[in-house]
Amino acid sequence: MTKLKSYSLSEMEDKYIGKKGTEERDEYEYELRMDLLGRMIKTTRKERNLTQEKLGEMIGVNKSQISKLENNANSARIETIIRVFKALKAEIQFNVKLENNRVEIA
């Protein structure tokens, strides 16, 4: 019987997307984070029993913009994302690392 080799997710990402630090891998990880951000917004909105239309009204944008944000957060401006989370009464924190310095925005 042949034993199958198993691979970790990290090994598969390295092989098929690119090693950490490469442009392809950075783009993949950015898209993944933006997808997760959109899902967090959608989940939180639903937990707060808000429609996309109501959330849009709360922050001054159209329902379609909330839909786009939930499905593709990388097209949104950071100010819009912050306004959405504030309207959802969700605490947000951003960590930015600039070379050897760490900047936190809350």
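Predicted model: local features only at pLDDT ≥ 70, side-chain atom pairs only at ≥ 80, totals over all residues.

Visitor: Which residues of helix 4 are buried?
Guide: Helix 4 covers residues 63–71, and Ile66, Leu69 and Glu70 are buried there. They lie on the same side of helix 4, because they cover an arc of only 95° around the axis.

Visitor: And what is exposed on the other side of helix 4?
Guide: That side has Lys68 and Asn71, which are exposed.

Visitor: OK, over to Arg45. Where is Arg45 found, and is Arg45 buried or exposed?
Guide: Arg45 is found in helix 2. With a relative accessible area of 7%, Arg45 is buried, since the cut-off for buried is under 20%.

Visitor: What does Arg45 touch, leaving out residues up to four places away in sequence?
Guide: Its contacts are Leu50, Thr51, Gln52, Leu55, Ile66, Glu70 and Leu88. Two names on that list, Ile66 and Glu70, are also among the buried residues of helix 4.

Visitor: Which backbone oxygen lies 2.8 Å from a polar atom of the Arg45 side chain?
Guide: That is the backbone oxygen of Leu50.

Visitor: Changing topic: how many salt bridges does the structure hold?
Guide: It holds seven. As background, side chains of opposite charge can pair when their charged atoms come close.

Visitor: Show me one. What does Asp14 form a salt bridge with?
Guide: Its partner is Arg25, and the closest N and O atoms are 2.5 Å apart. Asp14 lies in helix 1 and Arg25 in helix 2, so the pair ties together parts that are eleven residues apart in sequence.

Visitor: Is Arg25 buried or exposed? And how about Asp14?
Guide: Arg25 is buried, at a relative accessible area of 1%. Asp14 is partly exposed, at 23%.

Visitor: Which residues are linked with Asp14 and Arg25 in a network of salt bridges?
Guide: Glu13, Lys20 and Glu29 are linked with Asp14 and Arg25 in that network.

Visitor: Now Asp35 and Arg39. Where do they both lie?
Guide: Both are in helix 2, four residues apart, which is about one turn of the helix. Asp35 counts as partly exposed at 29% relative accessibility, while Arg39 is exposed with a relative accessible area of 51%.

Visitor: One more pair, please. What does Glu79 form a salt bridge with?
Guide: With Arg77, where the closest N and O atoms are 3.4 Å apart. Glu79 counts as partly exposed, at 41% relative accessibility. Arg77 counts as exposed, at 57%.

Visitor: Last topic, the surface. Which residues form a nonpolar patch there?
Guide: Tyr7, Met12 and Tyr16 do, with about 340 Å² of accessible area together.

Visitor: Where does Tyr16 lie?
Guide: Tyr16 lies in helix 1, which spans residues 9–16. Tyr16 is exposed because its relative accessible area is 58%, and exposed means over 50%.

Notes:
Residues numbered from 1 in each chain as written. Heavy atoms only, no water. Patch = residues over 30% accessible without salt bridge, like charges linked within 9 Å, V, L, I, M, F, W, Y side chains within 5 Å. Areas by Shrake-Rupley, 256 points an atom, 1.4 Å probe, with all protein chains shown as cover. Salt bridge = Lys/Arg side-chain N within 4 Å of Asp/Glu carboxyl O. Buried < 20%, exposed > 50% of the residue type's maximum accessible area, 1.4 Å probe, protein only. Arc of directions from axis to C-beta. Polar contact = N/O pair within 3.5 Å; in protein donor to acceptor, adjacent residues only side chain to side chain. Contact = heavy atoms within 4.5 Å.
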